Amino acid sequence: MDTDLDLLFLSEPEMIEAGVTDIVRCIDVMEETLVLLSQGDYMMAGENHDSHGAMVTFPEIPVHAGMPADGPDRRFMAMPAYLGGRFGTTGVKWYGSNAENKKKGLPRSIHLFTLNDTDTGAPLAVMSGNLLSAYRTGAVPNVGVKHLAREDVTTLAIIGPGVMARTTAEGVLALRPGITTVKVKGRGAASAQRFAEELAAKHPQLSSVVVVDTVEDAVRDAGVVISAPTTAAEGSSGFPLIKEEWIAAGALLLLPAAAAFEDEFLVSRARKVVDYLGLYDTWSEECGTEAYEQIGIVGSHFIDLVNDGQMERSSIHQIGDIVSGKAPGRTSEDEIILYSVGGMPVEDVAWGTELYASAKEKGIGTSLNIWAAPALA
């Protein structure tokens, strides 16, 4: 019996060589993933198998020497999942996060992803996870663009320019090449201007990339809107408020981060789409009525409105059901669609599995031996 056990290590440059930044390919893989979610062919953490993951946070005032104090985005997170279909693998994304990292020239979060054989549990690969996470995060909203955005879109709005907005915008511009104008609204003028200049340099087909002063300026006339700011410490009162009268007829709003809307619009006129309802149900169970306030994803507020009896659950559609034809896509050219995206570890498993196969095929990465034979068996 062969008991030799090796795993493949993939550094960030090797992940790039394997194709991690191929946003169009990633969108297709996320489309498959979201259909598998809607079919139930997956497992995530928690009693209902729908949890985003498990988190370690710290107290505001530690009583033990050496224990960190709480701070902005300071946490550790483990996000495990199994995904079926052609993937059939299990994995976990593990990361530490601290907003203070920026002062050290590091990303806010530093990710590592481990892919495992589902049968034996043996590790198949350990991968640098930052680009893996960033590109699957940008690809999931773009499944909505692929199926719900109007073909004649010419203007993109970005609220909250950052890593999430960068990869999401990359996908939008690939899927809707008729976009010629991008409007950027950030918290700081300097960072928004840097983002705009980088976007214009990377996408020379754009004729206009401008920084605007208000959310209203950004949203008006935009056929696709990305809202991706960091969640405000004060909760929904600090989320960017997007008023119905500012939204162009037929616009698609991609909402992978904080955004606020008037309830009457949500209940009566907005088309509501989510990546997967089970995620929001579990956030509601874990956080109660504070889920939207703490996490900022508007799908949690959809669930609040359902629980309050203000609207029917059937008015919320899953993107996987739209892709597979179980739910309608865009119903009119003027329909305004809000697409809430929470992010799930099955997405990391899917993209990680795809890149592992690519790396093996191309001979990329370093094989590391765990044992020739286990000392204990």
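## A helix and the glycine after it

Helix H8 is followed by glycine 288, whose phi is positive, near 65°. Helices here (H or I, at least four residues) and strands (E, at least two) are DSSP runs, numbered from the N terminus. The structure is a predicted model, where local features need pLDDT of at least 70 and side-chain atom pairs count only at pLDDT 80 or more, while totals for chains, interfaces and linings use all residues. Residues are numbered from 1 along each chain as its sequence is written, and side-chain values use heavy atoms, with hydrogens and water left out.

Which residues of H8 are buried? They are Leu277, Gly278, Leu279, Tyr280, Thr282, Trp283 and Ser284. Buried means under 20% relative accessible area, exposed means over 50%, and partly exposed lies in between (1.4 Å probe, protein chains only). The cover over these buried residues includes strands E13, E14 and E15, along with helix H9 (291-295) and helix H10 (298-307).

## The parallel sheet

Now to the strands. Eight of them make an open sheet with parallel pairing, in the order E10-E9-E8-E11-E12-E15-E13-E14. At the edges sit strand E10 (208-211) and strand E14 (316-318), each pairing on one side only. Neighbouring strands of the sheet are turned by 20° against each other on average, direction ignored. Helix H8 (residues 277-287) packs on this sheet and touches E13, E14 and E15, its direction making about 120° with that of E14. Contact means heavy atoms within 4.5 Å; axes are lines fitted to C-alpha atoms, for helices over the stretch in contact, and angles run from 0 to 180 degrees between N-to-C directions.

Inside the sheet, strand E13 (residues 271-274) pairs with strand E15 (residues 337-340) in the parallel sense over four bridges. Two strands pair if DSSP finds at least two bridges between them. Here valine 273 stands opposite tyrosine 339 in E15.

## The nonpolar core

A nonpolar core is a set of buried Ala, Val, Leu, Ile, Met, Phe, Trp, Tyr and Cys residues joined through side-chain atoms within 4.5 Å. The largest one has 110 residues, and those with the most contacts inside it are Leu156, Leu253, Phe261 and Leu338. Its largest share, nine residues, comes from helix H3 (residues 130-148).

What does leucine 338 touch? Not counting residues up to four places away in sequence, its contacts include Leu253, Phe261, Val273 and Phe302.

The axes of H3 and helix H4 (residues 163-175) come within 8 Å and cross at roughly 40°. That angle makes H3 oblique to H4, because angles under 35 degrees count as roughly parallel, over 145 as roughly antiparallel, 65 to 115 as roughly perpendicular and the rest as oblique. Among the residues that meet are Ala134, Tyr135 and Pro141 in H3, with Val163, Met164 and Leu175 among those in H4.

Along strand E4 (residues 75-83) the side chains alternate.

E4 runs antiparallel to strand E2 (residues 42-44), joined by three bridges, and methionine 44 stands opposite alanine 81 in E4. Strand E3 (residues 54-56) is also antiparallel to E4, with three bridges; methionine 55 has methionine 77 as its bridge partner in E4. With strand E5 (residues 89-97), E4 pairs in the antiparallel sense over nine bridges. E4 and E5 form a hairpin with five residues between them, and glycine 85 in the turn has a positive phi of about 60°.
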